[in-house]
Amino acid sequence: MSSESRVVVAVSGASGVEYARRLIEILGDRADVITTKDAATVIEIETGLTTEEFAAGARSAYSDDNLAAAPASGSARFGAVVVVPCSGTTLAKIAAGIADNLVTRAAAVAMKENRKLILVPRETPVGAIALENMLKLARLGVIILPASPGFYGQPKRIADLVDFVVARILDHLGIEHSIGVRWSGPE
Ligand SMILES: Cc1cc2nc3c(=O)[nH]c(=O)nc-3n(C[C@H](O)[C@H](O)[C@H](O)COP(=O)(O)O)c2cc1C
């Protein structure tokens, strides 16, 4: 596996950690997982898993206080960073250039190294501060990919909704996949 095919999957304390779990499942040992303290709480509430169980199958798993870990350095050649789900707090820190934990540092590294950075915010309604932060980052080339599944594929299960969003993440990572639905025009 080339180092560029490795993806940092950074999980912050927003609802919707299932999107990250599914992405980790698909990426397997191409994923290096980081969880914030609040993500650990949400993981417990939404899945009943520990962070270790949550990151099963990934190449590595770090807590966000480990600023000595590989994703903290631009010399570690990760191809992309996905923050999924991305809380308003983590979004604001990234937009302000604050790199005070391994998630925000990995995002700052991706930006300074001109690597792909994908944020998957989950909040509704979205306040003006978060909207401004998203616009600022979008103008800097960051992909803002809200956890906002479409319904045109007539989803039957929660897993279908999760796969819709994860499929869009994989598309933006340039990774071939066969999950989710693609619109091919009206019947
Ligand atoms: C169960 C639970 C659900 C949460 N859902 C969201 C959410 O959907 N979006 C969000 O921005 N914050 C959410 N929060 C609040 C964040 O966890 C909080 O703002 C925290 O500061 C995020 O820190 P982090 O980005 O370092 O993980 C939630 C918190 C809990 C405990």
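**Strands and cavity of the model**

Modeller: In this predicted model, strand 2 is covered on both faces: Ala31, Val33 and Thr35 on one side are buried, and so are Asp32 and Ile34 on the other.

Biologist: How many of the five residues of strand 2 are buried?

Modeller: A residue counts as buried when its relative accessible area is under 20%. The residues concerned are 31–35, and strand 2 is largely enclosed by the rest of the structure because the buried ones number five of the five.

Biologist: Which residue of strand 3 is the bridge partner of Ile34?

Modeller: Strand 2 and strand 3 run parallel and are joined by four bridges. In strand 3, the bridge partner of Ile34 is Tyr62.

Biologist: What is the handedness of the β-α-β unit made by strand 1, helix 1 and strand 2?

Modeller: Strand 1, residues 7–11, pairs with strand 2 in the parallel sense over five bridges. Helix 1, residues 17–27, belongs to the unit together with these two strands, and the unit is right-handed.

Biologist: Which element gives the most to the lining of the largest cavity?

Modeller: Two elements each supply at least two residues of the lining, namely strand 4 (80–86) and helix 5 (102–112). Ala106, Val109 and Ala110 are among the lining residues. With three residues, the element that gives the most is helix 5.

Biologist: Is Ser73 buried, partly exposed or exposed?

Modeller: Ser73 is one of the residues that line the largest cavity, and it is found in the loop between strand 3 (60–63) and strand 4. Because its relative accessibility is 30%, Ser73 counts as partly exposed.

Biologist: With which side chain does the side chain of Ser73 make a polar contact?

Modeller: Gly28 lies 45 residues from Ser73 along the chain, and the C-alpha atoms of the two are separated by 22 Å. The polar contact of the Ser73 side chain, at 2.7 Å, is with the side chain of Ser75.

Definitions and conventions
Residues numbered from 1 in each chain as written. Predicted model: local features only at pLDDT ≥ 70, side-chain atom pairs only at ≥ 80, totals over all residues. Heavy atoms only, no water. 1 Å grid on protein atoms, 1.4 Å probe; cavity = no way out; pocket = protein on both sides within 12 Å on 5 of 7 lines; lining within 4 Å. Buried < 20%, exposed > 50% of the residue type's maximum accessible area, 1.4 Å probe, protein only. Polar contact = N/O pair within 3.5 Å; in protein donor to acceptor, adjacent residues only side chain to side chain. Pairing = 2+ DSSP bridges. Right-handed = clockwise from strand over helix to strand, strands pointing away.
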